[in-house]
Amino acid sequence: MAAQVTSEDQLKETIIKLDTEYFDAYNTCDMEKQADMYAEDLEFYHDKGGLSTSKQDLLESLEKNICGKVTRELVEGSIEVYPINGFGAVEIGLHKFHNNQEPNAISKPGKFIMIWQKTESNWKITRVISLH
């Protein structure tokens, strides 16, 4: 008898798929896909860079500072997903960033938290907390 798949299991599977989709776009510099996945009222909290509340400014910064220079690697098995009733989900995990300009640099895992909102047609990233 197969184990019953719970809605929480399905939610986690969905969020992991979305995480992969977003960071594939991040790693390949697909700015259109990244823009599509961010909510218009995005808030991005970065422990080093501060708070960004402009989706456009964030995308321009990613294109200028990240594209072709930095890649993200998820720490396998680190993603936790929690439902937010009537809204969406919280994703918490660990990831590493690799600077292509410093191929021998050791990347330490950093924690991230993403708030995903379920809309009628898809999911959007509304809040990001990036800790290094």
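Me: Is the link of Cys29 and Cys67 left-handed or right-handed?

Reply: This is a predicted model: local features need pLDDT of at least 70, side-chain atom pairs count only at pLDDT 80 or more, and totals for chains, interfaces and linings use all residues. Numbering runs from 1 along each chain as its sequence is written, and side-chain values use heavy atoms, without hydrogens and water. Cys29 and Cys67 form a disulfide (cysteine sulfur atoms within 2.5 Å), with S to S at 1.8 Å. The angle about the S-S bond is 95°, and the link is right-handed.

Me: How many residues apart in sequence are the parts that this pair ties together?

Reply: Helices (H or I, at least four residues) and strands (E, at least two) are DSSP runs, numbered from the N terminus. Cys29 lies in the loop between α1 and α2, and Cys67 in the loop between α3 (55-65) and β3 (70-74). So the tied parts are apart in sequence by 38 residues.

Me: What arc do the buried residues of α1 cover around the axis?

Reply: The buried residues in α1 are Leu11, Ile15, Leu18, Asp19, Tyr22, Phe23, Ala25 and Tyr26. The arc uses directions from the helix axis to the C-beta atoms. These residues sit on the same side of α1, because their arc is only 145°.

Me: Which exposed residues does the opposite face of α1 carry?

Reply: Look at the face turned away from the buried side of α1. Its exposed residues are Glu13, Lys17 and Thr28.

Me: What kind of aromatic pair do Phe23 and Tyr26 form?

Reply: Rings of Phe, Tyr and Trp (its six-membered ring) pair if their centres lie within 6.5 Å; planes under 30 degrees apart are stacked, over 60 edge-to-face, the rest tilted. Phe23 and Tyr26 are 3 residues apart in α1 (residues 7-28), so about one helical turn separates them. Their centres lie 5.4 Å apart and their planes make 65°. The pair is edge-to-face.

Me: Which residue puts its charged end over the ring of Phe23?

Reply: A charge counts as over a ring if NZ of Lys or CZ of Arg is within 6 Å of the ring centre and within 35 degrees of the ring normal. Over Phe23 the distance is 3.5 Å from the centre. The residue is Arg72.

Terms used:
Buried means under 20% relative accessible area, exposed over 50%, partly exposed in between (1.4 Å probe, protein chains only).
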